[in-house]
Amino acid sequence: MAVVYENENIRIETEESEIPWLKIFTQHPYREMSEVPPEIKFEIYDLLDIIEREMIAYYAPDKINIASFGNYVPHVHWHIMARFKEDSYFPEPMWGTKQRESTLSLPSFEDFCHQLKATL
């Protein structure tokens, strides 16, 4: 995992995967979204929106998945994933049952992260 962006409230990390996948963490280890101060909630939602728009523009995915679980990591965080019909799990979640071997050929995730960082 590499850090793409960080400030006093938020950290954005990459997730190792066949698909473009980022995670937004709060810097403070809040357990639940209801514990997060309003100004940080707004910052998270703005970042979710920016990342989604950038993924759509760069990758033209079939769908963007956004999820927040925190069962294994009880720290507020959000997953943002660009999904494709050709990825190994589609239409299942990335934590689901593998459906096929991937036939994806995507533009550089590293270049995407550099572009996103410049946007943020």
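Modeller: Let's start with Arg53, which is exposed, with a relative accessible area of 54%. Here, buried means under 20% relative accessible area, exposed over 50%, and partly exposed in between (1.4 Å probe, protein chains only). Keep in mind that this is a predicted model, where local features need pLDDT of at least 70 and side-chain atom pairs count only at pLDDT 80 or more, while totals for chains, interfaces and linings use all residues. Residues are numbered from 1 along each chain as its sequence is written, and side-chain values use heavy atoms, with hydrogens and water left out.

Arg53 has a charged partner: Asp49 forms a salt bridge with it, the closest N and O atoms being 2.9 Å apart. A salt bridge is a side-chain nitrogen of Lys or Arg within 4 Å of a carboxyl oxygen of Asp or Glu. Because Asp49 and Arg53 are 4 residues apart in helix 1, about one helical turn separates them. Helices (H or I, at least four residues) and strands (E, at least two) are DSSP runs, numbered from the N terminus. Asp49 is partly exposed, at 33% relative accessible area.

Now go back along the helix to Glu43, which lies in helix 1 (residues 38-59). Glu43 is buried yet has no salt bridge, and the nearest side chain of opposite charge, Arg11, is 12 Å away. For that search, Lys and Arg count as positive and Asp and Glu as negative; His and the chain ends are not counted. What Glu43 does have is a polar contact of 2.6 Å, side chain to side chain, with Asn7. A polar contact is a pair of N or O atoms within 3.5 Å; within protein, one must be able to donate a hydrogen and the other to accept it, and residues adjacent in sequence count only if both atoms are side-chain atoms. Setting aside neighbours within four places in sequence, Glu43 is in contact (heavy atoms within 4.5 Å) with Asn7, Asn9 and Ile10.

What does the helix lie against? There is an open sheet of 5 strands in the order 1-2-3-5-4, with antiparallel pairing; two strands pair if DSSP finds at least two bridges between them. Its edge strands are strand 1 (3-6) and strand 4 (63-67), each pairing on one side only. Ignoring direction, neighbouring strands of this sheet are turned by 15° against each other on average. Helix 1 packs on this sheet and touches strand 2 (10-14), strand 3, strand 4 and strand 5, its direction making about 170° with that of strand 3. Helix 2 (residues 109-119) packs on the sheet too, touching strand 1, strand 2 and strand 3, at about 40° to the direction of strand 3. Those angles run from 0 to 180 degrees between N-to-C directions, with axes fitted to C-alpha atoms, for helices over the stretch in contact.

Back to Arg11 for a moment: this residue, in strand 2, is the bridge partner of Glu6. Strand 1 and strand 2 pair in the antiparallel sense over 3 bridges, and they form a hairpin with 3 residues between them.
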